[in-house]
Amino acid sequence: MLKKTKIVLFTEINSKLGSPFLRILSAHPMIELLMVVTSPPNNKCDYFINDKYPVNIEEEAISLGIKIKRPEKVSSLETITSIKEANPDYFIVANFQQLLTRELLDIPNVIPINFHPSPLPRYAGLAPFYWMIKNGETKTSISAIKMDEGIDTGDIIMQRPVHFSEKETCIGLRTAQEEQNILMLLDLIPLMVNKNFSYKPQNTQNRSYFGRPESSDYHLNFQLEAQVLERHIRAAYRYPGAYFLTQKNLKIVVLSANVTNIPSNTENPGNISYFKGKIFVATKDFWLQLLTIDMDGIEVSASLLINEEKTNNHINMIDNVAI
């Protein structure tokens, strides 16, 4: 009888990638899932905040009889000692946002493996699905790498293409990447069991790195082209959402928009117009129609911004954008 391959899984507590990985690894006949290392108490990954169907890795692991650890620091002596005693063959890192130290990376008998949602060496770092949509990418892939001490710098074990439309939101692309990561894990398990790997060093000349998006990245600058702004809106969907401030400092979070074919060159960027119950904002080149917005955590029609006062067939409501 073949000896089972022993694995420690690292993932965030609310990870939509970690959840299927946990179920696959715990059920596979050739895998012994020793434990799951996840977020500290009261910490959640912001990728999945406000997701319609949230997950809880701790609850899932307990229901499956898998040991769970939630250290404040994954590099703590207690955590390192506990993992060493488990004697894993592999680490599987699937959406885990604490850095693993050299002491941790040296623990697996074979190698630590990280699943990264980008075509490394491009889009290393955090939230690549956000940056890809914002930057107008039309094709991408995911990567499994042998981990080293750098951030997403290890040798490539495997990559899979991810197909998505030019109208995909951040959540849509992330979901497509998660689906392909599941398939890549299933492809990788036989190689792990047989310890049959080949590696390809990353071409560092092609490397690009992106950090966690900041509040300023979500701010809509209507002096840009309408098509660029529409991408920014899709990239920020669903949380925290792309936003703008009116001249009265009212924050409007835009969840979807449509680029019209109507030039806006006679208007100042940021001017707002209302027509037949629809809201339009002037950009550098075309009018941008606001379709849906966030109100108290719920996605609603942008037309709800409009009040009932009508004057000369126009609707008075919010003032223009603060540029």
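Hi everyone, thanks for coming. Please keep in mind that this is a predicted model, so treat each number I give as computed from that prediction.

Let me start with the strands, and with β4, residues 90-94. How many of the residues of β4 are buried? Five of the five are, so β4 is largely enclosed by the rest of the structure. In a regular strand the side chains alternate between the two faces of the sheet.

Now for the neighbours of β4. Strand β1, residues 5-10, pairs with β4 in the parallel sense over four bridges. If you want a place to look, Phe 10 has Val 93 in β4 as its bridge partner. β4 also pairs with β5, again in the parallel sense, this time over five bridges. There, Ala 94 stands opposite Phe 115 in β5.

Moving on from β5, we reach β7. These two strands pair in the antiparallel sense over four bridges, and Asn 114 stands opposite Ile 145 in β7. Strand β7 covers residues 140-146, and six of its seven residues are buried. Then β7 is joined to strand β8, residues 156-162, by six bridges, with the two running antiparallel.

Next, the aromatics. The count of aromatic pairs comes to twelve. Take Phe 21 and Phe 115: their ring centres are 4.9 Å apart and their planes stand at 85 degrees, so this pair is edge-to-face.

Tyr 47 is in the loop between β2 and α2, while Phe 129 is in helix α5, 82 residues apart. Tyr 47 and Phe 129 are both buried.

There is also a cluster: ring pairs link Tyr 123, Tyr 130, Trp 131, Phe 210 and Tyr 218. And two lysines sit over rings. The charged end of Lys 146 is over the ring of Tyr 199, 4.9 Å from its centre, and Lys 251 lies over the face of Tyr 243, at 4.5 Å from the ring centre.

Now the backbone. Most residues other than glycine have a negative phi, and most peptide bonds are trans. Here are some spots to check against that. The peptide bond from Leu 120 to Pro 121 is cis, with omega near 15 degrees, and Pro 121 lies in the loop between β5 and β6. The bond from Tyr 239 to Pro 240 is cis as well, with omega near 0 degrees; Pro 240 lies in the loop between α8 and β10.

As for phi, Asn 95 has a positive value of about 65 degrees, and its place is in the loop between β4 and α4. Asp 296 has a positive phi near 55 degrees and lies in the loop between β14 and β15.

Last stop, the largest pocket. About 620 Å³ of space lies in it. The lining has 34 residues, and those nearest the pocket centre are Phe 96, Asn 114, His 116, Leu 126 and Asp 152. Elements giving two or more residues to the lining are β5, α5 and α6, and α6 gives the most, with four residues. By type, the lining divides into 16 nonpolar, twelve polar and six charged residues.

Note on methods: Residues are numbered from 1 along each chain as its sequence is written. This is a predicted model: local features need pLDDT of at least 70, side-chain atom pairs count only at pLDDT 80 or more; totals for chains, interfaces and linings use all residues. Side-chain values use heavy atoms; hydrogens and water are left out. On a 1 Å grid over the protein atoms alone, a cavity is a set of points where a 1.4 Å probe fits but cannot get out, and a pocket is an open set with protein on both sides within 12 Å along at least five of seven lines; lining residues have an atom within 4 Å of a point. Grid points are joined across faces, edges and corners, and a volume is the space filled by probe spheres set on the points. Ala, Val, Leu, Ile, Met, Phe, Trp, Tyr, Cys and Pro count as nonpolar, Asp, Glu, Lys and Arg as charged, and the others, Gly among them, as polar. Rings of Phe, Tyr and Trp (its six-membered ring) pair if their centres lie within 6.5 Å; planes under 30 degrees apart count as stacked, over 60 as edge-to-face and the rest as tilted. Buried means under 20% relative accessible area, exposed over 50%, partly exposed in between (1.4 Å probe, protein chains only). A charge sits over a ring if NZ of Lys or CZ of Arg is within 6 Å of the ring centre and within 35 degrees of the ring normal. Two strands pair if DSSP finds at least two bridges between them.
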